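Subject: The structure for you to look at

Hi there,

Here is the structure I promised to pass on. Have a look at it first, and then read my notes below.

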Amino acid sequence: MQIKPILSALRRHKAGTFLIAMQIALTLAIVCNALFIIHQRVAHLSEPTGIDEANIFIVKNEWVGAPDSARVDAMMRADLQTLRQVPGVQDATPSNSYPLRGSGWDDGVKLKPDQLQDSSGSTIYFADEHFIDTLGLKLIAGRNFRADEIGHMDMRYKLAPPVVIITRALADKLFPGGQAVGKTIYLIGGPATVVGVVDLLQAQSVERWASDFAYRSVIIPERLTLSLGSFYIVRARPGQLDAAMRAAGKALFAQNPRRVIADDDGLLSFSEVRSRAYESDRGMAILMGVISIVLLAVTAAGIVGLTSFWVGQRRRQIGVRRALGATRQDILHYFMTENLLISCAGVLVGTVLAIAMNLWMVTRFEMHRLSLSYLVTGVVILLLLGQGAVLAPALRASRVPPVEATRSV
Amino acid sequence: MFAYYLQLGLRSLRKNPLLTLLMVLAIGCGVAASMTTYSVFRATSNNPIPDKSSQLYVPQIDNWGPDASKDNKGEPPNAMTYTDAINLMRDKRAKRQTALYPAAISIVPTDPSMLPFRETSYAWYADAFAMFDIPFLYGHAWTADEDESHAAVAVIGKALNDKLFNGANSVGKNVSINGRDYRIVGVADKWNPEPVFYDVINTNGFDDPIEVFIPFTRAVELQTNTNGNNNCSHDPGKGWDSWIRSECVWLGFWAELPTTSEADAYRAYLNGYAAEQQRAGRFRWAPNTRLRNVTEWLDYQKVVPQEAKVSLMVSLGFLLICLVNTVGLLLAKFMRRSSEIGVRRALGAPRKEIYLQFLIEAAAVGLAGGVVGLLLTGLGVMGVSLVFEPDVARLAKLDVSLVLLTMLVAVLTTVLAAFYPTWRAAQVQPAWQLKSN
C-alpha cells in the first residue's frame, strides 16, 4: 500500500481529517481517564471486611434522655441478654462502630510513652468477649478476652484498657517479624498489653484519609456507654437473617421502650451497610462506564458519517482507479489505511492530552497517576474502533463499479 | 425568510434521516450528560445565604500548635474549644456571634402511644436566629437574657410543630427534651440552607433541617453531649468538666461582621486574643488564626463533592467531543449540497443569505438535540441517586432554569459548531458547481 497518495489526498480534506483526528484524541483522553477512575473505584469494592457479612446485621440503638454511664451499661447488658435469646440469633456484641461505617473513633498507637510521632494510626473498636465470635473473626495468636476483663467506660473517660486484641496488619506494622502477644502498646490514655491477634478486620472508613491504617484495628475490652447510644452487632444463624432482624427490633422494644431505633437506619443488614458505604464508588464507576460507551459510540458514528461523505465525494476517482486496474481489495485498503493514519495522529495527540488531563486531576483531586497499561488499552480500543467504523463505508467504496469513471462529465 | 429557511432546513434534515439522527443523538447525549452533572454541581456549590455570605465569618484559633497543624498545611483546627468559644462570646466583638454544636437529645412525646424520637437539634445562642435570617411562623427567638439565665426555652421547626401540635401555634406550650420540659418561645418556618453552611464539619454540608434549637448555655449546664465530632490532641482526662476545660475541639463558631473594616478589626482582635493566651502560657507558639466568610469556608472545607467536580469535567469533555462530531457531520451534510448552494448563489443570493439559511438549519438540529437532551437530562436527574449519596442526590432537580439552560446550551453550541461548515458552504463557487452538472 502506498502511503504517499493517501497523504496528498488528505491534504485536500484538511478540515475533515483534523476533525476526526481531534475527536479520536479527545475520546482517548477521556476514555483513558474514565477507565482509570473506574478501576480505582472498583478496586475498593472488592476489599474484604474480614467479618461474616452474610449473617450480620447492625442495630443502631439510641437512648432517650441522658442516663449516666452505669445506668447505660446496665441497659446495654440487658439488651445483649435479650438479643442473644432472640430466635435465629447466634450471638451479639456491643460496639461503638463497625467496618464500612465511615466514621468513628480513630487513635494513634505508640510503642513508647514519650514517643512524639504515632507509630501507626488505628481504628478503635469497643467490644465484649463475644466480639470475635459474633463477627466471625479468626484468632491467629493469643487468646480472646475473658468475661471478667470486660469493663465499661464513658466517652469522657481515659482510653487505657489493661489488655487489647489487635489485628494482624497492626501487629505486622508495630512488631515486624516478631511476636505481638505479650507486648505493650500505648493508646492515647496509657499502656495496654496485647493478649491476642485476629487475622483480618477492616477499619471503619474506606476513605482515602483512612487508607494508611485500612486494616489496623485495636479491639478494646469495654462497653462504650454513650448516653446517646451505640451499636449492637448481631450475627444471625445461617439463612435466618431477615427473621432475626425483625424479631430483634421487637424484642428490644419489649424489653425497654425508652429508646430510639430509627426507621431508616436503625436496623441494617450488612449487605445494606456495604452498599451504602460504596454507593459513590459504584455510582462513579457506572457513570464513567456509561460515558465511555456513549463516547465511543459517538466517535464511531462520526467516523462513519465523515468517511461516507468522502466516499460519496470520490466516487468518480474510485471509478477511475478501478478502471485503471485497481482491485476491490486495493480500494478497501486505501480507506482502511487512510483511517489508520488519521487515527494514529489522533492517538498520538490523545496520549499527550490524556496524560495532561490526568496530571491536572492529580493536582486538583485525590487521584493517582495514570498507569501506562490504561493508555495502551485506550490506544488499542480506539484504533480498533476506527478500523471497525470505517469498514462499512470502505466496503461500499470498494463496490463502486469502474463504469463510474465515465459518468457525469 | 426565517420561516422559509426553517422549512428548507427541516426538509434537508428529513432527506438524510440517519445523519440527522446521529447529530441529534450526539448533541442530546452531550447536553444531557453535562446538564445532569451540572445540576448536582449547582446544588452543591450553591450559595446557601446569598445576602450575608460575605458578612458571616468563622474564626479559627490554633490551640494545638505547629506540631499538630503541620499535618494540615499550618491551618488551625476546624473547630473550637469550649474555653475559646466562651471567651469570644464574652468579649462580644462582633455585631452578633454564636457558638454552636449539634446536641445529642431526644424528644419524648406527651402522648404515651408515641415512641420517643430524635430530630436534628442544635444548641446555640439567641443571636444565631437573626444572624442566619431564620424566619418565624409563630413567636420569636429567645432573648440574650434567657441565654444568661440558662433558661429552659426552645424554638422548634415547622415539621416538628406539625408532628407534635398538628401545626397549631404552640408558643407557650412545653416540649419534653431529654426528659425535661422546655417552654416553646417560637416556631421557625421552613429554613433549610443548602449546603448547611452553619455546621459543615459535622454534616459534610448536607443534612436534614434543624427541628430543635435550645440555648447553648443550658445544654452545657445539663452536660448534653455533642452529636458531632470531638477531636483531642491529648487525653482530656476524666469527666465532663475536665473535657470542656481541655484542648479538645468540638464547637462551631460564627460571627457577623457587616463591613470589611469590622472584619479586619475582628482579625486583629483574634490575633490579640491568641497573643494574650500565649502570654498567659496556654499557647507556646505565635498567634495563628483565620477568619473566613461563608464562601471561603465552604470552599476551604471542600463541600462540593469530588465526584461532582470530576463528573462535571468529564461531561463537559464529552460535550466537546459531541460538538467536534457535529462539526464533522454538518460539514459533510452542507458540502453534499454544494450544487444547491451554487444554484442559489448563481440566482443572486448573497453569502449572507447562505449563512442565514445554514445557521437556521443548524439551530433546528440544536433544537431537536435540546429536546432529546431534555428527556435524557430528566432521566439523568432521576438516576443521580445511583452516583451520589442520597443527601446530595435529592438536591439535583430539573427546574425551569435547568430546562431553559439545557435548550440554550443545545442550540447555542450547535450553532457555534455550525460556523465553520457554514463558512465553507458560503465559499462555494457558483460557476464550479454549475459547470460540473
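Let me start with chain B, which has 19 helices and 10 strands. Please keep in mind that this is a predicted model. For chain B the mean pLDDT is 88, with 99% of its residues at 70 or more. For the complex, the predictor reports an ipTM of 0.74 and a pTM of 0.78.

**Overall form of chain B**

The radius of gyration of chain B is 31 Å, whereas a compact globule of 437 residues would have one near 22 Å. Of the 437 residues of chain B, 46% count as buried. When contacts in chain B between residues at least 6 apart in sequence are considered, 79% of them join residues at least 24 apart.

**Where the chains meet**

How many residues of chain B are in contact with chain A? There are 45 of them, and they touch 45 residues of chain A. On the chain B side, the elements that give two or more residues are helix 2 (17–44), helix 10 (239–244), helix 13 (306–335) and helix 16 (384–387) of chain B. Helix 13 of chain B makes the largest contribution to this side, with 18 residues. Sorted by class, the side of chain B that touches chain A holds 26 nonpolar, 12 polar and 7 charged residues.

**The domains of chain A**

Turning to chain A, you will find two assigned domains: domain 1 (4–45 + 280–406) and domain 2 (65–257). Taken over C-alpha atoms, the centres of domain 1 and domain 2 of chain A are 55 Å apart.

Because 7 of its 8 residues are buried, strand 1 of chain A is largely enclosed by the rest of the structure.

Which strands pair with strand 1 of chain A?

- Strand 12 (residues 230–236) of chain A pairs with strand 1 of chain A in the antiparallel sense over 6 bridges. Here A:Val59 stands opposite A:Tyr232.
- Strand 14 (residues 267–269) of chain A runs antiparallel to strand 1 of chain A, and 3 bridges join them. In this pairing A:Ile58 stands opposite A:Leu268.
- Strand 13 (residues 259–260) of chain A is an antiparallel partner of strand 1 of chain A over 2 bridges. The bridge partner of A:Glu62 is A:Val260.

**A hairpin in chain A**

A hairpin of 2 residues leads from strand 8 of chain A to strand 9 of chain A. Strand 9 covers residues 190–198, and the two strands pair in the antiparallel sense over 4 bridges.

Note on methods: Residues numbered from 1 in each chain as written. Chains lettered and ligands numbered in written order. Predicted model: local features only at pLDDT ≥ 70, side-chain atom pairs only at ≥ 80, totals over all residues. Pairing = 2+ DSSP bridges. Contact = placed C-beta atoms within 7 Å. Nonpolar A, V, L, I, M, F, W, Y, C, P; charged D, E, K, R; others polar. Rg over C-alpha atoms; globule rule 2.2 N^0.38 Å. Buried ≥ 20, exposed ≤ 12 C-beta atoms within 10 Å, placed from the backbone. Domains from an automatic or database assignment. pLDDT = per-residue confidence, 0-100.
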